[in-house]
Amino acid sequence: MRVKAVLFDLDGVLVSTDECHFKAWSRLAAEEGIPFTRAQNDLLRGVSREESLEILLRGAQKTYSAEQKAALAARKNEYYRALIEELTQADAMAGARETLALCKQLGLKAAVASSSKNTRLILQKTGLAEEFCAVADGNCIRKSKPDPEVFLKAAQLAGEEPAACLVVEDAEAGVTGGKRGGMRVLAVGAAQSCPYADHRAASLADPCVAPLLRRLAEQEEEQ
Ligand code: B16
Ligand code: MG
């Protein structure tokens, strides 16, 4: 079946908010006396805020109650929101706007499928909000990636079958989620090493992306 919709992950595909997450988690970790490295930050890619906190707390000396954990997650988000408030149009990743323009030209729907509950603010700050027919994010799902829920929600909002969707992801958890949802997956950045991705590119600025989208958009319907 030909591809009719492209479901874009947000952080690491359309906008590089990795550094903002790293700074916010680092500040929280330092305040709590918990070690936190860039390698640990890489493990949080595509993972929800609450699950990310659990990963961070593996290095903690003391145990935290559910209420304390909720307060820590809220504090991290406060630090993160202050950083993403500073995002501008220049923070859209290389190739993002060009790829969205190409989708429009090819008649492909574009939707967002992100674990982030800050998706709307990030899209607004980077001037990308008007580019999508649908946005599925951390606010409308119960299970985060690698569960396919956010991708299935995005496909449903875009009005397309999973088999007619291409997911673009930079996280292994997202590649797994897309495949579990019955979609084709283009892995970018760190996710390129995932053996079960269907296609690979360094980023949306990779020259292989445009011919791939043209090919997928034009494929004959299966008889
Ligand atoms: P928030 P994505 C994910 O976004 C990030 O990659 C991940 O690092 C973050 O923990 C998660 O969103 C939740 O974000 O705290 O803003 O709700 O890659 O799925 O677009
Ligand atoms: Mg991501």
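The legends below describe close-up views of a predicted model.

**View 1. The two domains of the chain.** The chain is divided into domain 1, which is made of residues 5-16 + 90-222, and domain 2, which covers residues 18-84. The C-alpha centres of domain 1 and domain 2 lie 25 Å apart, and the contact takes 13 residues from domain 1 and 13 residues from domain 2.

**View 2. The area buried between the domains.** Domain 1 and domain 2 bury about 1100 Å² between them, with 47% of this area on carbon and sulfur atoms. On the side of domain 1, the residues that lose the most area to domain 2 are Lys117, Asn118 and Leu121, which together account for 34% of what that side buries.

**View 3. Polar and charged pairs across the interface.** Two salt bridges are found across the interface of domain 1 and domain 2, and the count of residue pairs in polar contact between these domains is five. The side of domain 1 that touches domain 2 has four nonpolar, four polar and five charged residues. Arg45 forms a salt bridge with Asp170, in which the closest N and O atoms are 3.6 Å apart.

**View 4. The magnesium site.** Asp170 also coordinates the magnesium ion (ligand 2) through OD, together with Asp9 through OD and Asp11 through O, at 2.0 to 2.2 Å. The spacing of these donor residues in sequence is D-x1-D-x158-D. Asp11 lies in the loop between strand E1 (5-8) and helix H1 (18-32), whereas Asp170 lies in the loop between strand E4 (165-169) and helix H8 (172-180), so that the pair, 159 residues apart, links distant parts of the chain.

How values were computed:
Residues are numbered from 1 along each chain as its sequence is written. Chains are lettered from A and ligands numbered from 1 in the order in which they are written. This is a predicted model: local features need pLDDT of at least 70, side-chain atom pairs count only at pLDDT 80 or more; totals for chains, interfaces and linings use all residues. Side-chain values use heavy atoms; hydrogens and water are left out. Domain bounds come from an automatic or database domain assignment. Contact means heavy atoms within 4.5 Å. Buried area is the accessible area (1.4 Å probe) that two parts lose on being put together, summed over both. A salt bridge is a side-chain nitrogen of Lys or Arg within 4 Å of a carboxyl oxygen of Asp or Glu. A polar contact is a pair of N or O atoms within 3.5 Å; within protein, one must be able to donate a hydrogen and the other to accept it, and residues adjacent in sequence count only if both atoms are side-chain atoms. Ala, Val, Leu, Ile, Met, Phe, Trp, Tyr, Cys and Pro count as nonpolar, Asp, Glu, Lys and Arg as charged, and the others, Gly among them, as polar. Donors are N, O and S atoms within 2.8 Å of the metal (3.2 Å for Na, K and Ca); water is not among the atoms, so sites may look incomplete. Helices (H or I, at least four residues) and strands (E, at least two) are DSSP runs, numbered from the N terminus.
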